[in-house]
Amino acid sequence: MEWVLPKKLQKGMTLGFLAPASSSSEDIKHIEHVAHDCGYKAVFASSCTSKGLYGGEPDEQAAEFNEFMTNDTCDAVIALRGGYGTMRYVEQLDYEGIRKTRKPFVGYSDCTALHMAIGRYSRLVTYHGPMGVDWKEGRDEDIKHLFECLEGKLQVVEPLPEPPRGAIGVELGDGILRGGNMTLLSMLMGTPYGFEPDSYEGTILFLEDVGEAPYKLDRMLQQLRLSGMLSHIQGLALGTFTDCEGDDDEADYDIGYEALRYMEQDRPDHLPEPFVCYVPTGHGTPHQTLPLGAHVHFRYISNTLVISPYCK
């Protein structure tokens with residue numbers, strides 16, 4: 001099944017907000033005000049004001065997500081926050097309907113489960129971008145970048161942080177960008193909602209996380225290595241690893257350098273040399289919006305990531 005692009009947003013359209021994971025206490029009025037300032041209307045699902053451990057029962061959250069993604073209530077769906085809960089109902093999503101309506105979906109963190117599931121069974125490009133919880137003072141640039149993506153404008157992320165030790169090279173690295181929160185991706189390995197082994201080649205794997213000590217990150221990296229994924233992917237795009245410093249004896253841990261070594265081990269001869277690039281996105285700011293499932297280009301020589309318009 002070929003990848004399809006989400007519809008392009010235009011001023012005056014309606015943004016639909018929901019809480020697909022944990023319950024939320026976000027300032028809905030402020031989020032609505034920001035949406036209006038950006039030229040959009042806003043509607044909020046009942047989950048935005050629900051309470052409880054996970055903000056609702058799995059079947060309720062699945063029904064709400066399906067409704068917002070497939071009917072005419074809104075033109076795009078934006079998660080209010082992450083937390084925990086999306087893995088509980090991914091098998092209940094209307095993947096055919098989601099593919100047919102092609103609505104943009106925005107989220108990150110726990111929403112990685114939704115990105116992966118939609119990517120695998122709807123083959124719809126989705127957006128790893130700022131959620132409602134991030135629509136606050138001091139995040140103007142992040143919100144601006146989000147709407148540039150949703151409105152189909154070309155973006156060049158530059159300059160990226162320096163890549164791990166070794167030659168940058170001069171060739172162009174490109175592939176399908178997939179991934180998200182490293183912990184969620186680890187949890188999905190071996191399930192029907194993780195990566196398909198035949199999709200490894202040509203994939204640029206995007207990883208980010210929050211609050212995980214280096215030894216935990218390395219444990220998950222070993223899982224990716226042992227699965228055979230690291231030796232077959234095109235390259236690795238590493239986002240922000242917020243509050244992941246760990247103990248003093250872990251201060252020198254460099255996940256990019258370690259991953260690059262693993263990508264080079266037992267690599268099939270027909271595959272190009274792998275690469276690692278660092279992208280300023282993840283928990284916190286800056287948070288550059290990334291289109292998951294889209295074809296992106298990493299330019300070695302200029303150390304930039306080119307994000308072409310991925311909607312129509």
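Predicted model: local features only at pLDDT ≥ 70, side-chain atom pairs only at ≥ 80, totals over all residues.
Q: What distance does α7 reach from its first C-alpha to its last?
A: Helix α7 covers residues 214–226, which is 13 residues. At 1.5 Å a residue, 18 Å is expected, and the span of α7 is close to that. The distance reached is 18 Å.

Q: Which residue with a positive phi follows α7?
A: The phi of the residue following α7 is near 90 degrees. That residue is G228.

Q: Why is one side of β2 and of β11 left without a neighbour in the sheet?
A: The open sheet has six strands with mixed pairing, in the order β2-β1-β3-β4-β5-β11. The twist averages 25 degrees from one strand to the next. β2 (41–44) and β11 (290–292) each have a single partner strand, so one side of each lacks a neighbour because both stand at the edges.

Q: Which residue of β11 is the bridge partner of H128?
A: Strand β5 (residues 126–128) pairs with β11 in the antiparallel sense, over three bridges. In β11, the partner of H128 is L290.

Q: What angle does the direction of α1 make with that of β2?
A: Helix α1 (residues 28–37) packs on the sheet, where it touches β1 (14–18) and β2. The angle between the directions of α1 and β2 is about 150 degrees.

Key:
Residues numbered from 1 in each chain as written. Heavy atoms only, no water. Pairing = 2+ DSSP bridges. Helix = DSSP H or I, 4+ residues; strand = E, 2+ residues; numbered from the N terminus. Axes fitted to C-alpha atoms, helices over the stretch in contact; angles between N-to-C directions. Contact = heavy atoms within 4.5 Å. Expected span 1.5 Å × (residues − 1).
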